[in-house]
Amino acid sequence: MKQYRIKVALSVNPATGVDAVLPYLDQIDMVLVMGVEPGFGGQKLIPQTLEKVKEMDRLRKEKGLSYQIELDGGVNRGNLAKIILLWREQQFFVETSEKM
């Protein structure tokens with residue numbers, strides 16, 4: 001796909017371990033870490049998914065890769081400060097439907 005200049009992304013659901021995407025990290029442009037189970041609006045952020053963001057960043061640095069990391073789902077005013085602190089270290093994108 002990259003030969004056609006198509007960006008490649010993977011989505012990682014909360015129950016999916018980081019090890020499931022390891023074989024593909026050098027082939028992707030972005031990994032989307034789902035902070036909630038997809039398909040059901042209004043869910044609370046699953047705290048363990050923030051650890052997944054940290055792990056994806058650690059692997060990116062360790063392997064010298066440049067894929068983007070995005071966190072989607074469960075982001076709101078109540079957890080935004082924690083996410084911003086994490087963002088300062090890991091540099092990832094955040095998606096939310098909540099008006100801030």
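The model is predicted: local features require pLDDT of at least 70, side-chain atom pairs count only at pLDDT 80 or more, and totals for chains, interfaces and linings use all residues. Residues are numbered from 1 along each chain as its sequence is written, and side-chain values use heavy atoms, with hydrogens and water left out.

The protein chain contains 2 helices and 4 strands. Their order from the N terminus is β-β-α-β-α-β. These elements are DSSP runs numbered from the N terminus, with helices (H or I) of at least four residues and strands (E) of at least two. Of the 100 residues in the protein chain, 35% are buried. Here, buried means under 20% relative accessible area, exposed means over 50%, and partly exposed lies in between (1.4 Å probe, protein chains only). Among contacts in the protein chain with a separation of 6 or more, 49% join residues 24 or more positions apart. A contact requires heavy atoms within 4.5 Å.

Helix α1 covers residues 48-63. The helix has 16 residues and spans 23 Å from its first C-alpha to its last. This is close to the 22 Å expected at 1.5 Å a residue. The expected span is 1.5 Å times one less than the number of residues. Buried positions in α1 are Thr-49, Leu-50, Lys-52, Val-53, Met-56, Asp-57, Leu-59 and Arg-60. Just after α1, Gly-64 adopts a positive phi of about 65 degrees.

The largest nonpolar core has 19 residues. Such a core is a set of buried Ala, Val, Leu, Ile, Met, Phe, Trp, Tyr and Cys residues joined through side-chain atoms within 4.5 Å. Leu-25, Val-31, Met-56, Tyr-67, Ile-69 and Leu-71 touch the most other members of this largest core. At least two residues of this core come from each of β2 (30-34), α1, β3 (68-72) and α2 (77-90). Helix α1 gives the largest share of this core, 4 residues. Met-56 contacts Val-18, Val-21, Leu-25, Val-31, Val-33, Tyr-67 and Ile-69, leaving aside its neighbours within four places in sequence.

Salt bridges were also searched for. The whole structure holds 5 of them. A salt bridge is a side-chain nitrogen of Lys or Arg within 4 Å of a carboxyl oxygen of Asp or Glu. Side chains of opposite charge can pair when their charged atoms come close. An α-helix has 3.6 residues a turn, so residues three or four places apart point the same way.

Lys-54 pairs with Glu-51 in a salt bridge, with the closest N and O atoms 3.3 Å apart. The two residues are about one helical turn apart, because Lys-54 and Glu-51 are 3 residues apart in helix α1. Lys-54 is partly exposed at 35% relative accessibility, and Glu-51 is partly exposed at 48%.

Glu-55, Arg-58 and Glu-62 are linked in a network of salt bridges. Between Glu-55 and Arg-58, the closest N and O atoms are 2.6 Å apart. Glu-55 and Arg-58 are 3 residues apart in α1, so about one helical turn separates them. Between Glu-62 and Arg-58, the closest N and O atoms are 2.5 Å apart. Glu-62 and Arg-58 are 4 residues apart in α1, again about one helical turn. Glu-55 is partly exposed at 28% relative accessibility. Arg-58 is partly exposed, with 38% relative accessible area. Glu-62 is exposed at 53%.

Lys-63 also lies in helix α1. Lys-63 is partly exposed, at 45% relative accessibility. Lys-63 and Leu-25 are 38 residues apart in sequence, and their C-alpha atoms are 9.0 Å apart in space.

Met-1, Tyr-4 and Ile-6 make a nonpolar surface patch of about 370 Å². Patches consist of residues with over 30% relative accessible area and no salt bridge; like charges are joined within 9 Å, and nonpolar side chains (Val, Leu, Ile, Met, Phe, Trp, Tyr) within 5 Å. Ile-6 lies in the segment before β1 (9-12). Ile-6 counts as partly exposed because its relative accessibility is 41%.

Notes:
Areas by Shrake-Rupley, 256 points an atom, 1.4 Å probe, with all protein chains shown as cover.
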